[in-house]
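Please read them with the structure open.

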Amino acid sequence: MSRDESSTQRAARLRLGRLPGYVRQPDPARRGGEDGRAYKKGWEVRFTARSEEEITEIRELVAAAGFAPARPFFKGHQLIQPVYGIAAVQAYLAAREAVEETGRVRAAANIPEQVRREPDSVAAAARAAEGAAARAAAEAVARAAAEAAARVGRLADRWPAGGPEDR
């Protein structure tokens, strides 16, 4: 495995900790007992999502982290993306702990959470589009007002000087 691939996997595994999900662990007492052959539950991480687009993103991230995503399924009103194996569980729990620790450090140091900023060119384009939309709306209002005034003028020409109530 090359160094770049390893760092890519590490980064993907750290991002797994930010995903919503939960862990299922086997019960060692049931697994080792007499009915151990019937007890099939194993190690599993279940990532939750609200849409198929989110499931697609989760699957890509899981694959980038070096794990094999299983077939997603519905549970309640959520989509669930399972990932089986103790290695996946350990990686998820470690990433989750790293995310929580980072949050504690930021809170203790009173550091605000970083938000993604749009590049200045995107912000400038958005402001320009808003300005153009405002100018177009103002022009449309002015046109409508001018048309209404012209209509009133045409109607005023039809009526005698005092208006319809003077007739």
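This is a predicted model: local features need pLDDT of at least 70, side-chain atom pairs count only at pLDDT 80 or more; totals for chains, interfaces and linings use all residues.

1. Residues are numbered from 1 along each chain as its sequence is written, and side-chain values use heavy atoms, with hydrogens and water left out.

2. The protein chain has 5 helices and 4 strands. Helices (H or I, at least four residues) and strands (E, at least two) are DSSP runs, numbered from the N terminus. Their order along the sequence is α-β-α-β-α-β-β-α-α. Of the 167 residues in the protein chain, 19% are buried. Buried means under 20% relative accessible area, exposed over 50%, and partly exposed in between (1.4 Å probe, protein chains only). Take contacts (heavy atoms within 4.5 Å) between residues at least 6 apart in sequence: 59% of them join residues at least 24 apart.

3. Back to A64. Its relative accessibility is 33%, so A64 counts as partly exposed. Beyond its neighbours within four places in sequence, A64 is in contact with T8, Q9 and A12. A64 and T8 are 56 residues apart in sequence, yet their C-alpha atoms are 7.4 Å apart.

4. Helix α3 has 13 residues. Its first and last C-alpha atoms are 18 Å apart, close to the 18 Å expected at 1.5 Å a residue. The expected span is 1.5 Å times one less than the number of residues. I55, I58, L61 and V62 are buried in α3. They sit on the same side of α3 because they cover an arc of only 130° around the axis. That arc is taken over the directions from the helix axis to the C-beta atoms. On the other side of α3, E52, E53, E57 and E60 are exposed. Just after the helix, G66 takes a positive phi of about 95°.

5. Which residues have the most contacts inside the largest nonpolar core? They are L16, F47, V62 and F67, in a core of 18 residues. Such a core is a set of buried Ala, Val, Leu, Ile, Met, Phe, Trp, Tyr and Cys residues joined through side-chain atoms within 4.5 Å. At least two core residues come from each of α1 (3–16), β2 (44–49), α3 (52–64), β4 (78–84) and α4 (86–109). Leaving aside neighbours within four places in sequence, V62 is in contact with L16, F47, F67, A68, P69 and V83.

6. The largest pocket holds about 200 Å³ of space. It is lined by L19, P20, T48, R50, E54, E57, I58, E60 and L61. α3 gives the most to this lining, with 5 residues. On a 1 Å grid over the protein atoms alone, a pocket is an open set of points where a 1.4 Å probe fits, with protein on both sides within 12 Å along at least five of seven lines; lining residues have an atom within 4 Å of a point.

7. T48 lies in strand β2. It counts as buried because its relative accessibility is 13%. Not counting residues up to four places away in sequence, T48 touches P20, G21, Y22, I58, Q78, L79 and I80.

8. In α4, the buried residues include A88, V89, A91, Y92 and A95. N110 follows α4, with a positive phi near 60°.

Conventions. Grid points are joined across faces, edges and corners, and a volume is the space filled by probe spheres set on the points.
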